[in-house]
2 protein chains.
Amino acid sequence: MSKLEASASITPEELALATRNHGMPLEALTYDVTPVGLHYLLIHYDIPVVDPTSWRLTIGGSVRRELELSLDDLRARRSVRQPVTMECAGNGRGRLSPRPVSQPWLNEAVGTAEWTGTPLRPLLEEAGIRQGAVEVLFSGLDRGVEGGVEQQYERSLPVDEALQDEVMLAYAIGDEPLPPQHGFPLRLVVPGWYGMTNVKWLERVTLLDQPFEGYQNTWSYNFRQTPEDAGERVTRMEPRALMVPPGIPIFATRERHAELARHRVSGRAWSGRGTIERVEVSDDGGATWQDSQLGEQASRWSWRAWDWEWTPSGPGDYELCCRATDSAGNTQPLEASWNLHGFANNQVQRVAVTVTGGGEA
Amino acid sequence: MSKLEASASITPEELALATRNHGMPLEALTYDVTPVGLHYLLIHYDIPVVDPTSWRLTIGGSVRRELELSLDDLRARRSVRQPVTMECAGNGRGRLSPRPVSQPWLNEAVGTAEWTGTPLRPLLEEAGIRQGAVEVLFSGLDRGVEGGVEQQYERSLPVDEALQDEVMLAYAIGDEPLPPQHGFPLRLVVPGWYGMTNVKWLERVTLLDQPFEGYQNTWSYNFRQTPEDAGERVTRMEPRALMVPPGIPIFATRERHAELARHRVSGRAWSGRGTIERVEVSDDGGATWQDSQLGEQASRWSWRAWDWEWTPSGPGDYELCCRATDSAGNTQPLEASWNLHGFANNQVQRVAVTVTGGGEA
C-alpha cells in the first residue's frame, strides 16, 4: 500500500489540469460550510467573463411560453438558501491503477457551500412544460474541445429529477454573488448528484422531447470498462467519509507525524443516495474497525460531522481509515472498482501517521 | 519544445501537493484584482484554525517595550489598502529539467489581492527598536516538518526592509476578513518580494540582534546549484509577463484552438525590481518580437495590464510568447536558469495555438 495512495508518474497533461483545478485541503473538513476559495474546483474549459447587465437566462424548448429572465428577475423571485455538499465525479481517480488520464484527484475534490438562489420548479411551471417533454437541458457559456468535439458545456436531467424540490438556480454563495469560478452569474445546483450535473455560467434551460445525446451526457460521464461499452450514467454521489489528517505534515510528502497522546480525529461524511447512518474508523489499515461518534449536519444535502478519540497504543506507524455507510445500505469499499474514466472511486481514505514520543528510544 | 512546457512524469508526492495548492487559472489575468479563490495558494503545512477572540500578536525581542495586540487593536490603528501582486518563488519550477521535486508550478502561481491592514513601521516604532537589532523575525502559527526539522513557519527581514513604507500587516482582503487559507486573522505583506516572505497566521514579530538561522531563511529559499552551496537568498520577484491564452482549450491537454481572425491577446506583467517598461510578444516561439500596448496598473505594487492585436497570417500552428522588461533593465530569459530548488524560473510563457478556418481545407 503506497502511503501516498497514488499510482506513479503523472503526465504533463495531468499536471496542466492539476495546477488549475484544486481540491479542498482536508483540514478544511473542520468547517460546516467551506470557506470560499477552499471548495474544490473542476473547470472543463475556461472561466467565462460574463457581463451581468446584458446576461439573460432563457427557458425554452418544449414549453408553452419561453421565458427570458435577467439576474434582477431571478433575485426578485422566491429565495432559498441551502448548504449542499458537492463532489467531483472524478474524486479518487488518482488512486486507480492503471490511472485514467484526466484531472488526477486523490480524495479532496469536495466542498460544502451555502447556495442562495431560486427553486427551479416554479420557473418550469411558469414556462409550462408541454406534453411529451422528457428531459431538461442546461447549457453553460463555457466553450472548449473535448473528445474531439467543439462544444459548450451542457448536460440534461430527466424531467422528474429537474422537478425535485431541492433543485435550484443559484446566484450567490451565502450573501455574496457567485465568484466567477463557481458560475457567475447563475448556476444549476442539484443536491445529491456529482458535480458535473451542476452546470455553471448557465445561459439556457431547454425542455426536450427526446433524450439529449450531447457529449457530456452520453459519453463523458458514463461508467464503462472499455471504449466500446455504452455504460451506465454517472448520477448520484456514492457514500464517502474523509478525515482531517491528525498530527502535522511533512511538507514534501504530506505524510503525518503525531505525538503519542490522545487525538481527536474528526471528519465529514456524505452520500447522494441516503443519509449517513454510520462512520467506522480503523488505525490498522482496515483490519479492525470501530464506530465513530456521529454529529450534526446543516441540512439534508450537506455532509455529516463525525469524530473519534484515538489513542495510539505506542510509538510506530499507523494507517488510519474511515468508512461511511448510508441509509440505503451502501458502504465504501476497501478496494477501488475500476472504470475507464475513473469515476466514483469511493474506496476508503488511508492516512499514514508516524507516532513518536512516550517511551520510545 | 514541449507544447505543455513541463518535463515528464510527476511523482505521487508532487501530485499530493498539486491537488492541495493551486495556481490562478490564466484567464483570470483579465481581472485587475484577482477574485478570492482564484489567487494562487501555497501552504507549507496545514491551514491553522485560529480563534480570533483569544489570538494576540506579540511584538517583542530587542525592543524597548513588548507589545501585545488584539485584532481589534490592529483594526483601530491607521488603515491602509493596497493591491499587491504576489508570486510564489517556485513559479515555473515544473518547467525545469531535471525538475526539482516540490510543488510543480508551471506559470500560474500568482495573484493580485487588495490587502487591507495597518503599516508595520509605526508598530515597530511604538515598540522601540533597540540599538543593535539587525533583523525582524515573523513567526506563523502553522507547524510541520521540513528538511527533517519540526518547525513553525518563520522568516526574517533585515530591519531596513521591514521599515519600508509599503510593508503591512493585513487583516482583510478588500472589506472581508482574511480567508483561512490566506492567513486569518493576520499576515505579513511585503510588496515586491516573493510569496514565502509574506508570513501567514502571524503570531509573533521579534527583533533580533543576530541574523535568523532558521530553516526557511538559511536553507529552504536559497539559490544553489548543489546541496553543498550556501547560495544567495531568494528575495524580490523577477519580471514576468503572462497572457490569457487566446481561443478555446482542449479539456484534457489545455492546448488552444482559435479561429483565423483578429484576436485581442491581453495579459499582465510585474516585477519586484522596478516598474514594467515593456512587454514584447511573439507568435513564432520567440524568433521575432513586437511591442504590446502597455495599460494601467492599480498601484506601484500591482501588475501592469498589456494587450496586443494578433492576426494570424493563416491556418496553422503558432507558439505565442510574451516577455517583460522592468525599469532596472531586467528582461525575462528565453531559457530557464536552473537551480536546485527551482526558484524564480521566469523563462517566457509559451502558448501553443492551432488556428483553423479561413481558406483551409
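Helix 3 of chain B is followed by B:Gly128, whose phi is positive, near 85°. Helices (H or I, at least four residues) and strands (E, at least two) are DSSP runs, numbered from the N terminus. The model is predicted: local features need pLDDT of at least 70, side-chain atom pairs count only at pLDDT 80 or more, and totals for chains, interfaces and linings use all residues. Residues are numbered from 1 along each chain as its sequence is written, while chains are lettered from A and ligands numbered from 1 in the order in which they are written.

Helix 3 of chain B spans residues 120-127, and its buried residues are B:Leu120, B:Leu124 and B:Ala127. A residue is buried if 20 or more other C-beta atoms lie within 10 Å of its own, exposed if 12 or fewer, and partly exposed in between, with C-beta atoms placed from the backbone. These three residues cover an arc of only 60° around the axis, which puts them on the same side of helix 3 of chain B. The arc is that of the directions from the helix axis to the C-beta atoms. On the face turned away from this buried side, helix 3 of chain B carries the exposed residues B:Pro122 and B:Glu125. The cover over the buried residues includes strand 1 (57-61), strand 2 (67-69), strand 4 (110-119), helix 4 (159-162) and strand 7 (168-173) of chain B. Contact here requires that the C-beta atoms of two residues, placed from the backbone, lie within 7 Å.

In chain A, the buried residues of helix 3 (residues 120-127) are A:Leu120, A:Leu124 and A:Ala127. They cover an arc of only 60° around the axis, and therefore lie on the same side of helix 3 of chain A. A:Pro122 and A:Glu125 are exposed on the face turned away from that side. After helix 3 of chain A comes A:Gly128, with a positive phi near 85°.

A:Arg65 lies between strand 1 (57-61) and strand 2 (67-69) of chain A. Leaving aside residues up to four places away in sequence, A:Arg65 touches A:Ala127 and A:Gly128. A:Arg65 and A:Glu126 are 61 residues apart in sequence, yet 8.1 Å apart in space, C-alpha to C-alpha. A:Arg65 is exposed, with 9 other C-beta atoms within 10 Å.

How are the two chains related? Chain A can be laid on chain B with an RMSD of 0.0 Å by a turn of 180° and a shift of 0.0 Å along the axis. That is the relation of a two-fold axis. In chain A, the C-alpha of A:Gly37 is the nearest to the axis, 1.8 Å from it. The superposition is by least squares on the C-alpha atoms of residues with pLDDT of at least 70 in both copies.

Between the chains, 50 residues of chain A are in contact with 50 residues of chain B. On the chain A side, helix 1 (12-18), strand 5 (135-146) and strand 14 (248-249) each supply at least two residues. Helix 1 of chain A gives the most, with five residues. The chain A side divides into 28 nonpolar, 14 polar and eight charged residues. Ala, Val, Leu, Ile, Met, Phe, Trp, Tyr, Cys and Pro count as nonpolar, Asp, Glu, Lys and Arg as charged, and the others, Gly among them, as polar. Of the interface residues of chain A, 100% are also interface residues in chain B, so the copies meet through the same surface.

Within chain A, the domain assignment gives domain 1 (12-233) and domain 2 (240-356); such bounds come from an automatic or database assignment. Their centres, taken over C-alpha atoms, are separated by 27 Å. The contact takes 30 residues from domain 1 of chain A and 24 residues from domain 2 of chain A. Strand 3 (residues 80-87) of chain A provides the largest share of the domain 1 side, four residues.

An open sheet of six strands in chain A has the order 14-15-22-21-17-18, with mixed pairing. Two strands pair if DSSP finds at least two bridges between them. Strand 14 and strand 18 (290-291) of chain A are the edge strands, each pairing on one side only. Strand 21 (residues 316-326) and strand 22 (residues 349-356) of chain A run antiparallel and are joined by seven bridges. A:Cys321 has A:Arg350 in strand 22 of chain A as its bridge partner.
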